[in-house]
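Here is a short report for a reader who is meeting this structure for the first time. Keep the sequence and the 3D view open while reading.

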Amino acid sequence: MSTATTGPQPGRTPDIRGNSTARARRNRLGFTPDAAAWCVIGRIPEPPEDVRQAAGALRTRPAFMRPTAMAGVVLAAPFMLIGLLLGLLATGVEALQALLATKEERAAARSERRAAKLRDRAVTEHGLDKTFDGDWSGAAGQLLLRWYGHSSHHQRLVALTEGRTVLAAPPKRVSNRRESLVQVVAEIPAEDAVIEDPLLGEHASDRLRIRFTDGSWLTLITEERRSELHMYLLRRSRTGGADAAMG
């Protein structure tokens, strides 16, 4: 874990964006997380009819993008087309570079492809390609039944602080300003569940798991590989943190 400093270091530009994000989260959440990352979940399977009836009105999908946001997408369409063309151009450049690559560069590319295949295989072996364990009566299944009832936004800010895992989101789906609108929508005590990384340090993954004490679990997909949550769990595992996880 990095050592805290009292101010900007010589020769380094202060991370203004990071500081402002941390302040916004602290103001909205009411605490400073030990680690946090924006996550999504996979598609929630359609629950059995008896489960649906017992739970009442269910929302198993995030809200659609609002009309104003859709208008923004329409206005951005020409730029998206330009981006697509640039992407195709980049693909062509990459193909040319592959043809002209040195022996060492080709070996490195093969190594990266092997690592990606091993990562995908590990994700499947650990069930991280599934939204949850499949038991609707378990704690994870019950949480999923209320997931979009808490907030119709498609993302959750998953924050770790001593004694609990906090889920936060804007009250409804937004296309921007999520940090300034985020609010706590659920709290899970540490005695009920922990956040874990089944691939801890083995692969650069975007998958994490909330594992409940009843054995049920659900998969979180972070915005980036080895997110702040991943790195936090990895540091704890290297320093002997309890179960290499925290709730």
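Thr-131 sits in the loop that joins helix 4 to helix 5 (139–150). Helices here are DSSP runs of H or I with at least four residues, strands are runs of E with at least two, and both are numbered from the N terminus. The relative accessible area of Thr-131 is 10%, so Thr-131 is buried. Buried means under 20% relative accessible area, exposed means over 50%, and partly exposed lies in between (1.4 Å probe, protein chains only). The side chain of Thr-131 makes a polar contact with the backbone oxygen of Arg-43 at 2.8 Å. A polar contact is a pair of N or O atoms within 3.5 Å; within protein, one must be able to donate a hydrogen and the other to accept it, and residues adjacent in sequence count only if both atoms are side-chain atoms.

The model is predicted: local features need pLDDT of at least 70, side-chain atom pairs count only at pLDDT 80 or more, and totals for chains, interfaces and linings use all residues. Residues are numbered from 1 along each chain as its sequence is written, and side-chain values use heavy atoms, with hydrogens and water left out.

**Overall layout**

The protein has 7 helices and 7 strands. From the N terminus, the order of elements is α-β-α-α-α-α-β-β-α-β-β-β-β-α. The protein has 247 residues, and 36% of them are buried.

His-153 lies in the loop between helix 5 and strand 2 (156–161). His-153 has a relative accessible area of 1% and is therefore buried. A polar atom of the His-153 side chain lies 3.3 Å from the backbone nitrogen of Val-174.

Ile-195 belongs to strand 5 (residues 193–196). Ile-195 is buried, because its relative accessible area is 0%. Where does Thr-219 stand relative to Ile-195, in sequence and in space? The two are 24 residues apart in sequence, and their C-alpha atoms are 9.8 Å apart.

**Salt bridges**

How many salt bridges does the structure hold? There are 8. A salt bridge is a side-chain nitrogen of Lys or Arg within 4 Å of a carboxyl oxygen of Asp or Glu. Pairs among them are listed here.

| Pair | N to O distance |
|---|---|
| Lys-130 and Asp-129 | 3.9 Å |
| Glu-223 and Arg-178 | 2.9 Å |
| Asp-206 and Arg-207 | 3.0 Å |

Glu-223 and Arg-178 meet in a salt bridge. Glu-223 is in the loop between strand 7 (217–222) and helix 7 (228–238), while Arg-178 is in helix 6 (residues 178–181), so the pair ties together parts that are 45 residues apart in sequence. At 51% relative accessibility, Glu-223 counts as exposed.

Lys-130 is partly exposed, with a relative accessible area of 48%. Are Asp-206 and Arg-207 buried or exposed? Both are buried. A network of salt bridges links Glu-196, Arg-209 and Arg-211.

**Surface patches**

Patches are made of residues with over 30% relative accessible area and no salt bridge; like charges are joined within 9 Å, and nonpolar side chains (Val, Leu, Ile, Met, Phe, Trp, Tyr) within 5 Å. Accessible areas come from the Shrake-Rupley method with a 1.4 Å probe, and for residues only the protein chains shown count as cover.

Which residues form the positive surface patch? They are Lys-103, Arg-106, Arg-110, Arg-113, Arg-114, Lys-117 and Arg-121. Lys and Arg count as positive and Asp and Glu as negative, while His and the chain ends are not counted. The place of a charge is NZ of Lys, CZ of Arg, CG of Asp or CD of Glu. Arg-106 is in helix 4 (residues 103–125). Arg-106 is partly exposed, because its relative accessibility is 37%.

Phe-79, Ile-82 and Leu-86 make a nonpolar surface patch of about 350 Å². Phe-79 is part of helix 3 (residues 67–100). Phe-79 is exposed, with a relative accessible area of 64%.

**Positive phi values**

Arg-177 is a residue other than glycine with a positive phi, near 60°. Arg-177 lies in the loop between strand 3 (164–169) and helix 6. Arg-177 is exposed, at 54% relative accessible area. Arg-226 also has a positive phi, near 50°. Arg-226 is in the loop between strand 7 and helix 7. With a relative accessible area of 37%, Arg-226 is partly exposed.
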